[in-house]
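Here's a quick briefing to go with the model below.

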Amino acid sequence: MGPSRGGIYRKIIKRMMDIVLSLTAIIVLSPVLLVVAFFVRTKLGSPVLFKQKRPGLGEKIFTMYKFRTMTDERDENGRLLPNELRHTKFGRFLRSTSLDELPELINVLKGDMSLVGPRPLLVDYLSLYNEEQSRRHNVRPGITGYAQVNGRNAISWEEKFQKDIYYVEKLSFLLDIKILIQTVIKVFKKENVNQNSIITMDRFKGTGT
């Protein structure tokens, strides 16, 4: 089933807003981006950016950018240590403040992502979605989204997908503005969005598994 709401906002205005707002944010936040990049390089090493393939609109694969939050520490055989052993206090700070997400503004400017939409998940999950869950790819993935301001990693996969589909069906200018405002409030008040960023969800294994 294709997009059901949004009209001219979904088709034209939303993308125009993404371009204007992401470009403005990149310019305004450039000092922050440079400072964070410096400390990431100093404390966590290089490369500064973490790159990973993610599915976007229509399940088209793109490269998502984030600041790295873990070291590259390895065991005596050259294998990367488990994630929990490569986390640092600084990396946890980046995640808890959502500063690691800032490079995704480049993805928004390029058209891979939107400021608001379902979060882009792993490519591995594509074959695990049922038909209803796949509808989350009827819109561009977002830096923040309806599920992120309503539980994020503290809710189950099924609840997360339900909220993603709700967004796809109800997409509108007012809903996007509401989500953006809620995101800013939660980040500054240290509620939900950043607290739950420290919670690591189990991998999605498909509905009913």
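Among contacts (heavy atoms within 4.5 Å) between residues at least 6 apart in the protein chain's sequence, 70% join residues at least 24 apart. Keep in mind that this is a predicted model: local features need pLDDT of at least 70, side-chain atom pairs count only at pLDDT 80 or more, and totals for chains, interfaces and linings use all residues. Residues are numbered from 1 along each chain as its sequence is written, and side-chain values use heavy atoms, leaving out hydrogens and water.

**Overall build**
- The protein chain has eight helices and four strands, taken as DSSP runs numbered from the N terminus (helices H or I, at least four residues; strands E, at least two).
- Along the sequence, the pattern reads α-α-β-β-α-α-α-β-α-β-α-α.
- Of the 209 residues, 44% count as buried, meaning under 20% relative accessible area, with exposed over 50% and partly exposed in between (1.4 Å probe, protein chains only).

**Surface**
- The chain's accessible surface is about 11400 Å², and 60% of that belongs to carbon and sulfur atoms; areas come from the Shrake-Rupley method with a 1.4 Å probe, and for residues only the protein chains shown count as cover.

- Leu 21 sits in helix H1 and counts as partly exposed because its relative accessibility is 38%.
- Asp 112 lies in the loop between helix H5 (104-110) and strand S3 (114-116).
- At 18% relative accessibility, Asp 112 counts as buried.
- Leaving aside residues up to four places away in sequence, Asp 112 touches Phe 62, Thr 63, Asn 107, Arg 140 and Pro 141.
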